[in-house]
Amino acid sequence: MTLLCERCYGPVDPTTDRYYRLAHIDHSDAAGNVAWRHAVVHVDACPAAGSVTPAEQRGRAA
Ligand SMILES: [Zn+2]
């Protein structure tokens, strides 16, 4: 599974990139059970969204 950064939409390589894992509440059902959506975001500053292609980003992280 490919992880995508929630901030810059670039790929996150779990083996080489430093990233935070976030959990957002999606919704709850009538019984009060919460459905979560999980996301990741780079620890280091991200380039502006759309300004770097995935291939360029991979080169930057290497
Ligand atoms: Zn990012």
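Student: Where is Tyr-9 found?
Tutor: This is a predicted model. In it, Tyr-9 sits in the loop between E1 and E2.

Student: Why does Tyr-9 count as partly exposed?
Tutor: Tyr-9 has 14 C-beta neighbours inside 10 Å. Buried needs 20 or more, and exposed needs 12 or fewer. The count of 14 falls in between, so Tyr-9 is partly exposed.

Student: What is the phi of Tyr-9?
Tutor: Phi is near 65°. That is a positive value in a residue other than glycine.

Student: Which loop holds Cys-8?
Tutor: Cys-8 lies between strand E1 (3-4) and strand E2 (11-12).

Student: Why is Cys-8 called partly exposed?
Tutor: Cys-8 has 19 C-beta neighbours inside 10 Å.

Student: How far apart are the C-alpha atoms of Cys-8 and Ala-45?
Tutor: They are separated by 9.3 Å, with the two residues 37 apart along the chain.

Student: Now His-27. What makes His-27 count as exposed?
Tutor: His-27 has 9 C-beta neighbours inside 10 Å. The limit for exposed is 12 or fewer. The value 9 meets that limit, so His-27 is exposed.

Student: Which strand is His-27 in?
Tutor: His-27 belongs to strand E3, residues 19-28. The count of buried residues among the 10 residues of E3 is zero, so E3 is hardly covered.

Student: What makes E3 and E4 a pair?
Tutor: Pairing takes at least two bridges. E3 and strand E4 (residues 34-42) have nine, in the antiparallel sense. They therefore pair.

Student: Which residue stands opposite His-24?
Tutor: Arg-37 in E4 does. Arg-37 also has its C-alpha atom 9.2 Å from that of His-27, 10 residues away along the chain.

Student: How many residues lie between the strands of the E3 and E4 hairpin?
Tutor: Five. In this hairpin, Gly-32 takes a positive phi near 90°.

Student: What share of the protein chain is buried?
Tutor: Buried residues are 6% of the 62 residues.

Student: What share of contacts join residues at least 24 apart?
Tutor: Among contacts between residues at least 6 apart in sequence, 49% do.

Definitions and conventions
Residues are numbered from 1 along each chain as its sequence is written. This is a predicted model: local features need pLDDT of at least 70, side-chain atom pairs count only at pLDDT 80 or more; totals for chains, interfaces and linings use all residues. Helices (H or I, at least four residues) and strands (E, at least two) are DSSP runs, numbered from the N terminus. Two residues are in contact if their C-beta atoms, placed from the backbone, lie within 7 Å.
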